[in-house]
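This report covers one protein chain.

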Amino acid sequence: GLFLSDNFIDEDSFASNSDTKAPSQQSVKVYVDNAVNNNNLVATVSLSSAQILALNTTPIQLVAAPGANKMIVVSVVAFYYDHNTTAYATNTTLHLRYASAASSGITLGNFITQTQDVIATQTGNLFTSAPNAFINQALNITVDTGNPTAGDGTLVVKVYYRIVDFS
């Protein structure tokens, strides 16, 4: 059928809960944007070249431990590598892990070895089993084996996450 302009409602919050009028495209977009943004917390951490060069020795905390009976659940992680003059070499696979985890997590390889500015996003679980081991654990970024060498770029990590309370 034909939709006339008075068959639409322009209401960003959907407060009327109308079952006779369709929401406008703009209303749907605002509602969805607000729902996504309101359900996720965001942590943005900038890493200097010195911090990247010491990532194995000194992992960087991205999100603080949330407290007793609470767990960080990551939705999406966005990475921005700002290449300067020299790419990093050796031990360059980035890992996002809970502080207590020696393995598993979100992994991003061959990212800080690039010779240009690059952006990447990652989604997925940070644990493969025993999620109760990750209650009240901070979220860190690190590399395995040893520290990266030779690089001078910087890295921005933006984590979109929720805190789940098991109390």
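## Burial and surface

A residue is buried when its relative accessible area is under 20%, exposed when it is over 50%, and partly exposed in between (1.4 Å probe, protein chains only). By this cut-off, 32% of the 167 residues in the protein chain are buried. The accessible surface (Shrake-Rupley method, 1.4 Å probe) is about 9,300 Å². Carbon and sulfur atoms account for 51% of that surface.

The model is predicted: local features need pLDDT of at least 70, side-chain atom pairs count only at pLDDT 80 or more, and totals for chains, interfaces and linings use all residues. Residues are numbered from 1 along each chain as its sequence is written, and side-chain values use heavy atoms, with hydrogens and water left out.

## Fold and sheet

The protein chain has two helices and 10 strands. These are DSSP runs, numbered from the N terminus: helices are H or I with at least four residues, strands are E with at least two. Their order along the sequence is β-β-α-β-α-β-β-β-β-β-β-β. Contact means heavy atoms within 4.5 Å. Among contacts between residues at least 6 apart in sequence, 76% join residues at least 24 apart.

Four strands form an open antiparallel sheet, ordered E3-E10-E5-E8. Two strands pair if DSSP finds at least two bridges between them. E3 and E8 are at the edges with a single partner strand each, so one side of each has no neighbour in the sheet. On average, neighbouring strands of this sheet are turned by 20° against each other, direction ignored (axes are lines fitted to C-alpha atoms). E5 and E8 pair over six bridges in the antiparallel sense. In E8, Ile119 is the bridge partner of Tyr80.

## Nonpolar core

A nonpolar core is a set of buried Ala, Val, Leu, Ile, Met, Phe, Trp, Tyr and Cys residues joined through side-chain atoms within 4.5 Å. The largest one holds 32 residues. Phe79, Leu94, Phe111, Ile141 and Leu155 have the most contacts inside it. E5 provides the largest share of this core, six residues.

Beyond its neighbours within four places in sequence, Ile141 is in contact with residues including Leu47, Phe79, Leu94 and Leu155.

## Salt bridge

The whole structure has one salt bridge, defined as a side-chain nitrogen of Lys or Arg within 4 Å of a carboxyl oxygen of Asp or Glu. Asp144 forms it with Arg97, the closest N and O atoms being 3.0 Å apart. Asp144 lies in the loop between E9 and E10 and Arg97 in strand E6, so the pair ties together parts 47 residues apart in sequence. Asp144 is partly exposed at 32% relative accessible area, whereas Arg97 is buried at 8%.

Notes: Axes fitted to C-alpha atoms, helices over the stretch in contact; angles between N-to-C directions.
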